[in-house]
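Me: I have a model open and would like to go through some of its labels. For each one, please tell me what it rests on.

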Amino acid sequence: MEKPVPRPNADSAPFWEGCAAHEFRFQRCRDCGKAQFYPRAVCSHCQGRDLEWLVSAGKGAVYSVTTVYRGPSAAFKDVTPYQVALVDMDEGFRFMANVRGGEAEIGTRVRVIYEERGDQTIPQVEIGG
Ligand SMILES: [Zn+2]
């Protein structure tokens with residue numbers, strides 16, 4: 001069994017194309033100036049439609065973290081237990097990722113790394129940054 005891979009849609013395709021190039025792209029609203037993640041057609045803060053794509057420096061701090069002892073499918077059996085974190089990125093948005101390279105706790109600084117999985121590139125985080 002293989003781990004699942006994301007299937008980009010019209011809103012998320014620029015993000016996944018960025019991951020393939022090891023660029024962590026996110027959207028920022030030109031109307032209210034706020035960043036958002038995940039990618040959407042409208043701003044989640046003001047419903048504006050004038051969104052621009054920017055490239056994150058790929059660094060942030062753990063907002064919350066949990067340990068997964070039983071993965072979502074048998075494909076994860078060899079990697080459990082592992083941590084999943086919500087990360088507050090320095091550019092002002094939050095995203096969820098697996099933690100690599102050590103144990104994270106709230107406030108731990110992390111940086112984005114990439115895992116090649118099937119025909120997609122998956123962003124994850126490692127300790128440091
Ligand atoms: Zn907005």
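Reply: Start with Gln-47, which is found in the loop between E2 and E3. Keep in mind that this is a predicted model.

Me: What makes His-22 exposed?

Reply: The limit is 12 or fewer other C-beta atoms within 10 Å. His-22 has 12 within that distance, and therefore His-22 is exposed. His-22 is found in the loop between helix H1 (13-20) and strand E1 (24-29). Phi of His-22 is also positive, near 55°, in a residue other than glycine.

Me: Which peptide bonds are cis, and what are their omega values?

Reply: One joins Phe-37 and Tyr-38, with omega about 10°. Tyr-38 lies in the loop between strand E2 (35-36) and strand E3 (51-56). Another runs from Thr-80 to Pro-81, with omega near -5°. Pro-81 lies in the loop between strand E4 (59-68) and strand E5 (82-89).

Me: How do you know that E1 and E2 pair?

Reply: Pairing requires at least two bridges between the strands. E1 and E2 are joined by 2 bridges, so E1 and E2 pair. These strands run antiparallel, and Gln-27 has Gln-36 as its bridge partner in E2. In the hairpin they form, 5 residues lie between the strands, and Gly-33 takes a positive phi near 80°.

Me: What makes E1 and E3 a pair?

Reply: Again the requirement is at least two bridges. E1 and E3 are joined by 6 bridges, so E1 and E3 pair, and they run antiparallel.

Me: Why is the set containing Phe-26 and Val-87 called a nonpolar core?

Reply: The name requires buried residues of nonpolar types, joined through C-beta atoms within 7 Å. The largest nonpolar core has 12 residues, among them Phe-26, Val-87, Met-89 and Val-125. E1, E5, strand E6 (94-100) and strand E7 (109-117) each supply at least two residues of this core. The largest share, 3 residues, comes from E5.

Me: Which residues are in contact with Val-87, leaving aside its neighbours within four places in sequence?

Reply: Contact requires C-beta atoms within 7 Å. The contacts of Val-87 beyond those neighbours include Val-62, Ala-97, Val-110 and Val-125.

Key:
Residues are numbered from 1 along each chain as its sequence is written. This is a predicted model: local features need pLDDT of at least 70, side-chain atom pairs count only at pLDDT 80 or more; totals for chains, interfaces and linings use all residues. Helices (H or I, at least four residues) and strands (E, at least two) are DSSP runs, numbered from the N terminus. A residue is buried if 20 or more other C-beta atoms lie within 10 Å of its own, exposed if 12 or fewer, and partly exposed in between; C-beta atoms are placed from the backbone. Two residues are in contact if their C-beta atoms, placed from the backbone, lie within 7 Å.
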